[in-house]
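Thank you all for coming. I would like to walk you through one structure, going from its strands to its cores and then to its aromatic rings.

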Amino acid sequence: MANRRQDVTVIVGGGHAAGALLTTLLQKKYQQEVVLVGEEPHPPYQRPPLSKNYLAGEIDQESLYLKPRSVYDDAGYQLRLGERAEHIDRDNKTITLSDQSTLKYGQLVLATGSRVRYLNAQGADLKGLHYLHDIADSDALREQFVPGKSLVIVGGGYIGLEVAAIAVKAGLKVTVLEAAEQLMQRVTGPEISAFFYAKHRGAGVDVRLDTAVTGFEAGNHGYVAGVTLADGTTVPADFVLVSVGIAPETALAEAAGLPCDDGILVDEYTRTNDPDILAIGDCTRHRNLFFEQTQRMESVANAVDQARTAAATLMGEDRPYDAAPWFWSNQYDVRLQMVGLSHAHDERVVRGKPEDEAFAVFYLREGHLIAVDAVNLPMAFMVGKKLVYQHREVKAQALRDPDIELKSLI
């Protein structure tokens, strides 16, 4: 056990990365005083359910919390909730908060996460336009879920499609407008995109691809009444969800002079170029022994893995971050599990049949497995995770042949 130090470790952020770091420090019996500064009034919580079972009303708010607040209180960790970190003075090692108080730190961990990308279009300030990023956003969106209402979702990525699945099951009329030629085009291949397109269409969602949004039409009392498209037509809407991605929250780091490039730049130990400041989660662009280049990852897995590495760094341990990235999405009765990054593949292999709603797509590069997308096929994901991490060379036929057990390839 490390000796107790007088320095204070300050964590800025209240999302999954911050919560995972606190949990890991608790497990490691970290002897340093810890203060977490969170802008929201909630203890650290998980965000994925905000577009899944929390939005559907299947779990309550406390189920989102990574730990009850009492756990942190019992450990002597101080949570400064509802306060915003506004300025870092690196010379004096202090942080100024929104109430104008200051915190002295020995070590600082930035887990500032991300912010939603706003759509800069005519009528974007109308009432009834929603974005989904935090608990309050999910609560406000759920209040509009009245059977028969028309919801238009701008963006066909994970969050937009997850909301569409919940909304149409709740009896809403749902339209999804996607500017690209495929759903989830940025993160997956054509087979997975086509499967989810058919799944949503079959559930009654009006999915329109290659459809650009130019603005929003006003109705009564300043509320949105429709979404205007590039071809001049308007899609009627009682309310709208704009889900066009996120951007890393780097303003605090940039103002402090920390290097940023679409994320706070950190090494494989989560350190910035300031030896007393670490950064973790969605806000970072990081080095990873798994990648040839720095990457910014928007995922819970990355938040947790970086948090563990940061905890090790704070404890003086040598543990570089080298995890393979993985993701998941729940839509209807479908669980999509993904591991690796598929964009650089030169061959795709499909195992199983999409029409059976249990299949996987394996992505190869020069014969090596670099990514897997599995639909209701957890074994393909689990085996793929190991093979991707090992950057294993695998025969395409072995992946495709249902008579060859995937476990045998490990």
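Which residue in E6 does Thr96 stand opposite? Before I answer, please keep in mind that this is a predicted model, in which local features need pLDDT of at least 70, side-chain atom pairs count only at pLDDT 80 or more, and totals for chains, interfaces and linings use all residues. Residues are numbered from 1 along each chain as its sequence is written, and side-chain values use heavy atoms, with hydrogens and water left out.

The residue that stands opposite Thr96 is Thr102 in E6. Two strands pair if DSSP finds at least two bridges between them, and strand E5, residues 94–97, pairs with E6 in the antiparallel sense over 3 bridges. These strands belong to an open sheet of 3 strands in the order E4-E5-E6, with antiparallel pairing. Strand E4 (85–89) and strand E6 (102–104) stand at the edges and have a single partner strand each, so one side of each is left without a neighbour in the sheet. Neighbouring strands of this sheet are turned by 25° against each other on average, direction ignored, where the axes are lines fitted to C-alpha atoms, for helices over the stretch in contact, and angles run from 0 to 180 degrees between N-to-C directions.

Strand E21, residues 326–331, is joined to E22 by 6 bridges, and the two run antiparallel; Phe327 has Met338 in E22 as its bridge partner. E21 and E22 form a hairpin with 2 residues between them, and Tyr332 in the turn has a positive phi of about 60°. Of the 7 residues of strand E22 (residues 334–340), 6 are buried, so this strand is largely enclosed by the rest of the structure. Buried here means under 20% relative accessible area, exposed means over 50%, and partly exposed lies in between, with a 1.4 Å probe and protein chains only.

E22 also pairs with strand E25, residues 368–375, in the antiparallel sense over 5 bridges, and there Gln337 stands opposite Ala374 in E25. E25 in turn pairs with E24 over 7 bridges, again antiparallel, and Val361 has Asp373 in E25 as its bridge partner. The hairpin of E24 and E25 has 2 residues between the strands, and in it Glu366 takes a positive phi near 55°. Strand E24, residues 358–365, is mostly covered, as 6 of its 8 residues are buried. E23 and E24 run antiparallel and are joined by 7 bridges, with Gly352 opposite Phe359 in E24.

Next, the interior. A nonpolar core is a set of buried Ala, Val, Leu, Ile, Met, Phe, Trp, Tyr and Cys residues joined through side-chain atoms within 4.5 Å. The largest such core has 43 residues, and those with the most contacts inside it are Phe145, Val163, Val174 and Ile192. Helix H4, residues 158–169, supplies the largest share of this core, 6 residues. A second, separate core of 25 residues includes Ile11, Leu36, Ala111 and Ile280.

Finally, which kinds of contact do the rings make? Rings of Phe, Tyr and Trp (its six-membered ring) pair if their centres lie within 6.5 Å; planes under 30 degrees apart count as stacked, over 60 as edge-to-face and the rest as tilted. By this rule the count comes to 6 aromatic pairs. Phe195 and Phe359 have ring centres 5.3 Å apart and planes at 65°, so the pair is edge-to-face. This pair links distant parts of the chain, with Phe195 in helix H5 (residues 190–202) and Phe359 in strand E24, 164 residues apart. Both Phe195 and Phe359 are buried. Trp326 and Phe381 form another edge-to-face pair, 6.0 Å centre to centre with 65° between the planes. Since Trp326 lies in strand E21 and Phe381 in helix H8 (residues 378–389), the pair ties together parts that are 55 residues apart in sequence. Trp326 is partly exposed, with a relative accessible area of 25%, whereas Phe381 is buried at 7%.

Conventions
Helices (H or I, at least four residues) and strands (E, at least two) are DSSP runs, numbered from the N terminus.
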